[in-house]
Amino acid sequence: MLVSHWTKLAARVALLPTLSYAFPSSRDFELESSTLFTRDYIQQDIDNSQPYPFTPSPAPDASRWPKGLHFAVDYYPAQWPDFLWADDAAKMANATLSYARISEFDWAILEPADGTYDWSLLDRSIDTLYKQGMKIILGTPTATPPIWAVKNYDILGADAQGRQRRFGSRRRYSFSSPDYRMLSKRFVEAMAKRYGQHAAVAGWQIDNELGCHGTVRTYDNNARTRWQQWLSDKYDHNITLYNQMQGRVFWSSTYQSFDQIDLPMLEVTESSPAGRLDFYHFSSDMTIEYAKDQVDAIRRHSDKAITTNFMGGFLDFDHFKLARETGLDLATWDSYPLGITEQFAWISDTDKIKYGRTGTPDFQALHHALYRGVAGAAYNKTAGPFGIMEQQPGPVNWAPYNPSPKLGMVRLWQHETFAHGGSMSNIFRWREVPFAQEQMHAAMLRRDNVPDHAYLEQQQVVHEDLPKMADLFRSDKTKRAVADTAPVLTQNEGQAEVALVFDYAAQWLMEAEPQSGTWDVDAEGFQDASMQYLPLVLNWYAALRRLGLNIDIVGPTTSLDGYKMVVVPSMPVISKDFVRTWSNYSGLTVFGPRSASKVATLSIPDGLPPSNGPVRDVLPMKVVRVETIKQGFGDMIAYAGKQYNVLGWVEWIECQRDDKNASVPLDQSATYYGYRDGAPATCGNKDDDKETHYVSAYTPVEFLVSYLGDLAGKAGVQNIFGQTPEGGKTDLGSDLRFRRNGNALWAFNYGPDELELPAAPQDAKLLVGGEGGKIRPTGVAVWSLE
């Protein structure tokens with residue numbers, strides 16, 4: 001009887017509509033999945049798990065951070081003889097530097113023995129800088145625990161092969177270590193008690209580059225213990241629920257209790273993707289909880305602004321969630337455009353050459369928008385205060401190759417920070433250090449104390465550009481401290497018309513199940529996946545910028561009220577938070593590939609994607625097959641009379657579900673060209689006040705410029721020139737970018753050639769650059785819009 005049942009099942013599966021495009025004559029054959037399976041076989045699209053419970057933190061306060069355009073520098077007094085400090089401080093103040101960030105690696109100096117503190121060096125450093133009008137951003141030095149902490153306590157992390165980290169370098173600790181939590185909280189508490197109300201201290205930076213060097217995910221015994229507790233809490237202390245939701249029946253990998261569950265590492269071949277996805281979420285939560293410990297300790301003794309320095313292209317923990325749960329007053333990030341361009345394998349060799357001395361045109365801007373949105377998450381708003389904590393000054397020491405920026409790029413990067421609403425541009429570092437790991441890293445001053453290009457270009461912004469822009473600002477020159485006299489824009493940019501929803505969990509899911517790449521047991525992950533989240537997002541963001549649009553980047557929990565258009569490059573699991581925010585949104589939304597393709601435990605939804613919920617409710621379509629393809633297959637998409645190559649990720653979609661067809665006809669959609677000629681590549685449907693579209697492939701920027709441009713025009717969006725976007729007709733091209741901020745408009749040329757500038761908005765007044773209607777390579781142009 002059982003054999004007969006599965007024989008019939010196999011025969012039916014062979015005729016499923018997923019093969020309809022391979023066998024066109026079968027397109028009229030309909031067979032619903034409900035005739036094949038019962039609920040005993042398919043896990044329902046219901047998430048019964050529980051979120052990790054964080055205790056409330058004090059609310060952030062934007063007034064703690066001064067408004068205005070602030071210049072700053074990273075300074076390391078311990079690395080220089082103290083007779084240089086006063087002269088350094090005077091030169092910094094004369095260079096209009098408001099702040100010096102100090103002490104983020106000084107733990108061994110400040111607590112030379114367990115529980116014994118020596119604040120003398122830090123006291124003198126702060127006093128010397130403050131006497132010259134400088135204010136301090138004080139770093140908690142917990143990225144570098146001293147040798148006594150390593151020898152006397154169980155604090156070290158381990159890599160995916162279980163190898164324990166050793167003393168030396170930095171970031172050697174485990175976020176899950178109770179000992180390390182205790183030691184770091186104890187030190188931060190002592191530091192905050194001493195300096196929390198010091199007049200020189202303007203703000204705090206907790207730790208340094210949280211999770212850098214792959215240290216968010218640690219595979220030590222402390223992590224295993226916390227992991228088991230986290231899983232038990234998530235699955236309501238029900239091991240049966242855990243096994244069911246994770247599909248542990250596969251390969252006989254069920255557990256009998258949570259204390260049997262090991263970290264996902266060193267299995268013979270690929271470990272459970274659902275298990276790895278949970279581990280990624282767990283690791284993010286441990287990072288956030290650790291950061292929260294420090295913020296809470298500081299806040300008990302200080303009412304000064306608190307931040308941490310995030311990084312570019314780093315997605316191992318949820319930055320939106322960290323900002324919300326800790327109550328950061330502002331977000332800052334470390335901008336290294338050339339190092340990043342060299343570091344990422346998905347940036348083509350052609351672009352690594354073309355943009356090797358400038359950085360790619362949209363990477364910095366994307367992160368400005370991202371961290372503006374991350375800061376906003378702390379306030380339950382679309383945007384909040386942000387700035388740069390480390391700006392690349394010249395060649396770095398850590399990328400595969402380390403070229404020097406083109407002359408003018410440090411100036412351009414500083415302008416770009418302010419154009420996106422940033423309030424601080426902090427150049428790393430004051431003087432090149434002649435020893436240790438970063439001795440080849442550039443700085444504002446050379447090793448012989450002569451100003452280098454970063455110093456000169458920062459001074460060009462201060463003494464040449466800002467005076468020409470004086471009508472845009474107000475400033476109080478009567479104050480003593482440099483920080484209190486910073487120019488403040490008389491108008492600030494409000495909410496954009498377009499929002500891009502950034503989802504850290506999408507990155508983790510694509511890591512856990514990329515449907516491509518090679519499994520590496522030692523790294524506990526896939527290498528060389530064909531589609532990755534960050535380059536996908538960057539393509540979508542670049543397309544919108546090429547259309548001359550201002551774009552907000554928001555998280556899944558951020559309200560979408562007021563946006564005319566929302567783009568979601570990918571969100572494989574439609575979270576409960578996004579269900580709430582998007583269900584209340586009225587407007588046009590565009591989803592990218594893999595969106596709504598999984599349920600929370602990384603399973604395929606009942607009835608095929610999109611998953612049961614708001615996307616399926618308003619967009620009648622199905623994803624019936626997925627391909628990952630390499631370059632050279634020749635797959636193409638046709639749209640508006642042009643063809644575009646696609647590679648990496650391709651989905652077979654049907655623009656109908658439950659006897660309902662999508663309202664956008666095929667002749668107005670993108671279709672596949674050549675292979676599967678005429679099959680839909682996009683679906684679109686209008687349902688009451690929602691219009692929803694879906695892009696089914698990893699597409700080039702040029703296709704997105706055309707497709708998203710047409711949809712933006714349909715949504716009533718206008719670009720910064722007051723134009724309605726229209727496909728490729730309003731495309732700024734690959735190298736020219738604009739950003740409006742309140743009463744000012746900036747233009748930037750990342751390309752190698754002089755470019756013609758489009759006509760500025762009516763009544764705009766040119767203040768900086770742009771002479772003759774052109775902008776030179778590395779050039780900046782600024783207009784007043786008043």
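**Notebook: sheets, domains and a salt bridge**

I began with helix 17 (residues 533-546), which lies across strand 12, strand 15, strand 16, strand 17 (587-591) and strand 26 (690-695) and runs at about 175 degrees to strand 12. I took helices (H or I, at least four residues) and strands (E, at least two) as DSSP runs, numbered from the N terminus. Contact means heavy atoms within 4.5 Å. Axes are lines fitted to C-alpha atoms, for helices over the stretch in contact, and angles run from 0 to 180 degrees between N-to-C directions.

I noted the ground rules next. This is a predicted model, in which local features need pLDDT of at least 70 and side-chain atom pairs count only at pLDDT 80 or more, while totals for chains, interfaces and linings use all residues. Residues are numbered from 1 along each chain as its sequence is written, and side-chain values use heavy atoms, with hydrogens and water left out.

**Entry: confidence**

I looked up pLDDT, the predictor's confidence in each residue, from 0 to 100. The chain averages 92, and 93% of the residues score at least 70. Over residues 1-29 pLDDT stays under 50, and the model has 29 contacts beyond four places in sequence for them. Residues 34-42 are also below 50, with eleven contacts beyond near neighbours in sequence. Where pLDDT is low, the predicted coordinates should not be read in detail.

I followed the strand order of an open sheet with mixed pairing and wrote down 15-12-16-17-26-25. Strand 15 (551-554) and strand 25 (682-687) each have a single partner strand, so one side of each is left without a neighbour in the sheet. Neighbouring strands of this sheet are turned by 20 degrees against each other on average, direction ignored. Two strands pair if DSSP finds at least two bridges between them. Strand 12 (residues 498-501) and strand 16 (residues 565-568) run parallel and are joined by three bridges. Alanine 499 stands opposite valine 566 of strand 16.

I then traced an open sheet in the order 27-28-32-30, with antiparallel pairing. Strand 27 (736-741) and strand 30 (765-768) are at its edges, each pairing on one side only. From one strand to the next the twist averages 25 degrees. Three bridges join strand 30 to strand 32 (residues 780-784), and valine 768 has valine 782 as its bridge partner there. Helix 14 (residues 409-419) lies across strand 27, strand 28 (744-749), strand 30 and strand 32, at about 145 degrees to strand 28.

**Entry: domains**

I read the bounds from an automatic or database domain assignment. The assignment gives domain 1 (68-216 + 280-329), domain 2 (338-491), domain 3 (498-715) and domain 4 (736-784). The C-alpha centres of domain 1 and domain 2 lie 21 Å apart. In contact are 43 residues of domain 1 and 48 residues of domain 2. Buried area is the accessible area (1.4 Å probe) that two parts lose on being put together, summed over both. These two domains bury about 3900 Å² between them, 62% of it on carbon and sulfur atoms. Leu69, Phe71 and Trp80 of domain 1 lose the most area to domain 2, together 19% of what that side buries.

**Entry: salt bridges**

I counted a salt bridge where a side-chain nitrogen of Lys or Arg is within 4 Å of a carboxyl oxygen of Asp or Glu. The count comes to 45. Aspartate 88 lies in helix 2 (residues 85-94) and arginine 431 in the loop between strand 9 (424-427) and helix 15 (453-468), so the pair ties together parts that are 343 residues apart in sequence. Their side chains meet at 2.5 Å, N to O. Between domain 1 and domain 2 I found two salt bridges.
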